[in-house]
Amino acid sequence: MAERFDVKLIEKEKRYYPDPSYKENAWVKDYQKMYDEFIADPSAFWGKIAEELDWFSTWDRVMEWNYPYARWFLNAKLNITYNCLDRHAKNHRRNKAALIWRGENGEQRIYTYQQLYKAVMRCANGLKNLGVKKGDCVCIYMPLIPEQLIVMLACARIGAVHSVVFGGFGVSALNTRINDAQAKIVVTADIAMRRGKSIPLKSVVEDALINAPSVEKVVVLRRREPLVELQDMEIDYQEMIRDVPPECPPEVMDAEDTLFILYTSGSTGTPKGVVHTCGGYMVGTYYTTKNIFDLKENDVYWCTADPGWITGHSYILYGPLAAGATVFITELTPDFPDPGSWWKLIEDEGITVFYTAPTAIRMFMKMGESWPKKYNLGSLRILGSVGEPLNPEAFEWYYHVIGGGRCPIVDTWWQTETGMQMITTMIGEPMKPGFAGKPIPGVVADVITKDGKSVPPGKGGFLVIKEPWPAMLRTVYKNDERYRKYWYTLDNVYMAGDLAVKDAEGYIMILGRADDIIIVAGHNIGTAEVESALVSHKAVAEAAVIGKPDPVRGNIIKAFVILRVGFRAGEKLVSELQYHVRMMLGPIAVPSEIEFVDKLPKTRSGKIMRRVLKAKELGMDPGDISTLEE
Ligand code: PRX
């Protein structure tokens, strides 16, 4: 399959060189030298980085690799919040802004490190009063407000495992995640704000709890007057943190204790609970935040993701706070109240490092240069991209229009599973539009054939990681078989699930997924999850879902549906099915197109061949169809 993606790379290649001052002043001044140091002694390399952080007691060994299981910083004790809060609040960053939040109506909330530290300890004590103990799971289903991050940190403070569910997910997606993780507490808010409208969250939780016996209490942050009424098992957030002691000592965690579970779509109907642990994850996210964004003391850093995704966990919360950064967050969408809203925020807040997704960049391109041109973006120093390939056109626009031809772009490839950024072009190195770049020091990545051989330049293959890294997932919650599959699909390597090509200098271009996951506007959607949502509608007998390329969103979802007898195809049913998926899974999973068909292409063993549907839809060669039913 990979052969179909061979790319004529070399002659098209174009490169940009950042101003030499970037390299001179960067934390990493010589990529190759650092990479060589890493390869010469990986344990010494990671050990040295880990020493930049605070541990209650250090490790016996940096790493133990028992294929496919790794343990990092063996027997070391720590608490990640000590590194994100205490060590700044107790030192020179006490009064530095840790978090700046802006709401839709121009409201601003600022937490210094000291204030955030206090807020986290109160919340932690509040959770303790509700009976939350080390190892218990707390599900967080909240809007992008400071409390979302405070609750995450409060869980980490007391050793509770958080499972954050993106506030855009619907009832069934939330229910599945609560049940799989056996969450004891759910923390939510009455509403989220989106484009001037309030979106109910608490009512989604109420519906999701109809069949969720593990949940004992729901904490509700009430944002809107008059305050919404609370039910029996619900507690007001402010009430929870009212008469609690101001101090909460950090729970002593083993490096390999679980920090959080985060669900990501898989090729089967059920999402995978990716498990991350305390020590390695802290070291990996701290190291990458500091070095890839080249973060300096005076930077004002904005990552536009939602904490409901891994990007928010690693690069809004844990990495930047461990590095002592000023983190900006906002509930404002890029197009509200007008398409200049984000550029205005960059000007107002003096953002220096800006990390967003290609889908947002392409949306801005469509709206035209006049919007960013209205604002002074001169504070920007470094631009980042994540979530899907940054196509050369989007790269050029981002580089020239937003970065003023001045700012290096770090196109970072990584995954929920990797926990940390893995491939990019380090600051100061030549940038090639379309290519994410090379494996960072600390990571051994390659593009290989099915037989495990490195592909020659320009040939497509599977993107793999060849050595363990500290922030790697340790397992899939309650599904270790699935974890093993990452390492056993091809011998001795971690199979990322992406197709890629390499050029002669080792730069890697990511082409897209090799499996049944669709990346829609940077979000992973499993075809099987959408299909089962469709099939749960009374009119649907069978459904197959594919990703269809889209100039702004990367892909859109197209569904092919076979109806049950007695139901009539038509516009009305299309809307009804879309609404059904929206309610179950959330707006991000809604098929933009639905086509009613009589038959679906299947293998003789009855498996739907989505590849054939996709080829037909796009007018492409379907490849090998010898297993097709007829
Ligand atoms: O296909 C790759 C794509 O996003 C997938 C991981 O998705 P998720 O676990 O949701 O994490 C997204 C944020 C880290 C990858 O397998 N992807 C991520 N970053 C890039 C990318 N594709 C191309 N270029 C990237 N920079």
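Select Glu531 and Arg610 to begin: they form a salt bridge whose closest N and O atoms are 2.8 Å apart, a salt bridge being a side-chain nitrogen of Lys or Arg within 4 Å of a carboxyl oxygen of Asp or Glu. The pair links distant parts of the chain, with Glu531 in helix 17 (residues 527-535) and Arg610 in helix 19 (residues 610-618), 79 residues apart. Helices (H or I, at least four residues) and strands (E, at least two) are DSSP runs, numbered from the N terminus. Both Glu531 and Arg610 are buried; buried means under 20% relative accessible area, exposed over 50%, and partly exposed in between, with a 1.4 Å probe and protein chains only.

The model is predicted, so local features need pLDDT of at least 70 and side-chain atom pairs count only at pLDDT 80 or more, while totals for chains, interfaces and linings use all residues. Residues are numbered from 1 along each chain as its sequence is written, and side-chain values use heavy atoms, with hydrogens and water left out.

Move to Glu147 and Arg109, whose side chains meet in a salt bridge at 2.6 Å, N to O. Glu147 lies in helix 6 (residues 146-158) and Arg109 in strand 5 (residues 108-112), so this pair ties together parts that are 38 residues apart in sequence. Glu147 is buried, with a relative accessible area of 8%, whereas Arg109 is partly exposed, at 27%.

Then select Lys118 and Glu247, where the side chains meet in a salt bridge at 3.5 Å, N to O. Lys118 belongs to helix 5 (residues 113-129), and Glu247 sits in the loop between helix 9 (237-241) and strand 13 (253-254); the pair links distant parts of the chain, 129 residues apart. Lys118 counts as partly exposed at 31% relative accessibility, and Glu247 counts as partly exposed at 46%.

**Two helix pairs**

Display helix 7 (residues 171-181) with helix 18 (residues 571-585): they pack at an angle of about 30°, with their axes 3 Å apart. Axes are lines fitted to C-alpha atoms, for helices over the stretch in contact, and angles run from 0 to 180 degrees between N-to-C directions. Helix 7 and helix 18 are therefore roughly parallel to each other; angles under 35 degrees count as roughly parallel, over 145 as roughly antiparallel, 65 to 115 as roughly perpendicular and the rest as oblique. Val171, Ser172 and Ala173 in helix 7 meet Met583, Met584 and Leu585 in helix 18, contact meaning heavy atoms within 4.5 Å. The residues of this contact divide into five nonpolar, one polar and no charged. Here Ala, Val, Leu, Ile, Met, Phe, Trp, Tyr, Cys and Pro count as nonpolar, Asp, Glu, Lys and Arg as charged, and the others, Gly among them, as polar.

Now display helix 3 (residues 42-50) and helix 10 (residues 278-292), whose axes come within 10 Å and cross at roughly 80°. These two helices are therefore roughly perpendicular to each other. On helix 3, select Phe45, Trp46, Ile49 and Ala50, which meet Val283, Tyr286 and Tyr287 of helix 10. This contact holds seven nonpolar residues, no polar and no charged.

In helix 12, select the buried residues Ser341, Trp342, Trp343, Leu345, Ile346 and Glu349. Gly350 follows helix 12 and has a positive phi, near 65°.

Continue to helix 13 (residues 358-367), where Pro358, Thr359, Ala360, Ile361, Arg362 and Phe364 are buried. The elements that cover these buried residues include helix 12 (341-349), strand 18 (353-356), strand 19 (382-386), helix 15 (392-402) and strand 31 (554-563). Just after helix 13, Gly368 takes a positive phi of about 100°.

**Cysteines**

The count of disulfides comes to zero, a disulfide being a pair of cysteine sulfur atoms within 2.5 Å. Select Cys137: its sulfur is 6.8 Å from the closest cysteine sulfur, in Cys139, too far for a bond. Cys137 is buried, with a relative accessible area of 6%. The sulfur of Cys278 is 11 Å from the closest cysteine sulfur, in Cys84, again too far for a bond. Cys278 counts as buried at 2% relative accessibility.

**Last stop**

Finish at Lys77 in strand 3 (residues 77-78), which counts as partly exposed at 26% relative accessibility. Not counting residues up to four places away in sequence, Lys77 touches Trp55, Phe56, Ser57, Val252, Met253 and Asp254.
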